[in-house]
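Let's take a look at a protein model, with a focus on one of its chains. Keep the structure open next to you as you read.

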Amino acid sequence: MKLLQIIPLLCLLAGTGQALAANAPDASKGEVFYQAYCTQCHGVNGDGWGVNAAMMDVLPKDHTETKEMITRTDADIFKAIKEGGKAVSKSNLMPNWDANMTDEEIHDLVAYVRTICCEKGE
Amino acid sequence: MKPSRLKKNSLALLSATLLLSGNAFSATGNEAGKQLFEKSCADCHSITSNDNITLEQRLKEKAPTLYYAGNKFNREWLQSWLTAPTRIRPGGHFFMDNVKVTDDGDIIDESKLGKHIAVNAEQAKQLTGYLMAQTPKTELIRQEKVTLGKTNRTLGEKDFHKFKGCGSCHQDEDGYGGVSGPELYTSVKRLQPEFIASYTKAPEKWDPKTLMPNRHLNDNSVKKLLNYLSVISQ
């Protein structure tokens, strides 16, 4: 009887795991969004020196600065991308990209930002 | 069927065909312009719907879509520009194609920027006729009521750069501002004011994969911005 109760529970857990894996953020997808929307200010290498940076009043964030970026949660980065810099008490020059990407796509982009800032040498 | 009736029916059919051809002709604009477009422009510019474009496709485009050219451009400007085209996007259509990474930061590699072909006055007229007939977004234009007015240039500049952040990607004077977007100090000469207003409010309604953010500006904010664009375009 106990065994019969455990089997469905295991099946349920396995199914949940698969569902979570399917929705896990994909950094490789996020790279395309980074190229399209972020590199113009944050730079091809993410160092904050994009083609627009020289003329800006506030320098874009250096995403390769691990020490600082590691203090930001994924939720912080997600909010900054979706709602813009002002929403996280940063520069208004960082626009909100909510009309350009879905939440799922922004999660992919956050995963890509993590590869630049916080996974170097891993 | 009697021969006379056959003749009459054929004539009616021919007339109907000609009438329909006429409608099709007027719907797509100038036929010579269409042929010229397909021969000289279609390699780089798309004129078909971009409703279902993917971001990957968007990034591979060589030039801006002309799908809604008739809702976007000022006719006189377009016709004149085609005879003597100048660069409008300092970084090219997609800046990433022309970026060079240097120790002093990313820059646009000028040697990668191509020149737009020029046509003669007659060809420019034909092309303009065809392009200005491309108006699939007329409903969006109709929703805008724009009257350009005065503004304080200094306050407008502050608004453009500091508060709205437009200057991060766009220039409001030659050589001043971002390079990834098109220059805006010629925008009111180039573009219909209603297009600028509509595109600024909701760029994704024009280009689902636009590289421009929707900053959720209200009508008054857009009006202030347009007045500034008008002042700097003079």
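Start with L131(B): leaving aside residues up to four places away in sequence, L131(B) touches F37(B), I47(B), L66(B), A69(B), G70(B) and L78(B), where a contact means heavy atoms within 4.5 Å. Bear in mind that this is a predicted model, where local features need pLDDT of at least 70 and side-chain atom pairs count only at pLDDT 80 or more, while totals for chains, interfaces and linings use all residues. Residues are numbered from 1 along each chain as its sequence is written, chains are lettered from A and ligands numbered from 1 in the order in which they are written, and side-chain values use heavy atoms, with hydrogens and water left out.

**Chain B overall**
- You'll find 11 helices and four strands in chain B; these are DSSP runs numbered from the N terminus, with helices (H or I) of at least four residues and strands (E) of at least two.
- Chain B has 234 residues, and 48% of them count as buried, meaning under 20% relative accessible area with a 1.4 Å probe, protein chains only.
- Take the contacts in chain B between residues at least 6 apart in sequence: 66% of them join residues at least 24 apart.

**The cores**
- The largest nonpolar core has 39 residues, and F37(B), F73(B), L131(B) and L229(B) have the most contacts inside it.
- Such a core is a set of buried Ala, Val, Leu, Ile, Met, Phe, Trp, Tyr and Cys residues joined through side-chain atoms within 4.5 Å.
- Several helices of chain B each supply at least two residues of this core, including α2 (31-40), α5 (75-83) and α6 (121-131).
- The top contributor is α11(B), which gives six residues.
- Another core, of 29 residues, lies apart from this one, and among its members are I77(A), I116(A), C118(A) and V179(B).

**Where chain B meets chain A**
- Here, 33 residues of chain B are in contact with 25 residues of chain A.
- About 2400 Å² is buried between the two chains, with carbon and sulfur atoms giving 56%; that is the accessible area (1.4 Å probe) the two parts lose on being put together, summed over both.
- On the chain B side, D106(B), S168(B) and R215(B) lose the most area to chain A, together 22% of what that side buries.

Notes
Buried means under 20% relative accessible area, exposed over 50%, partly exposed in between (1.4 Å probe, protein chains only).
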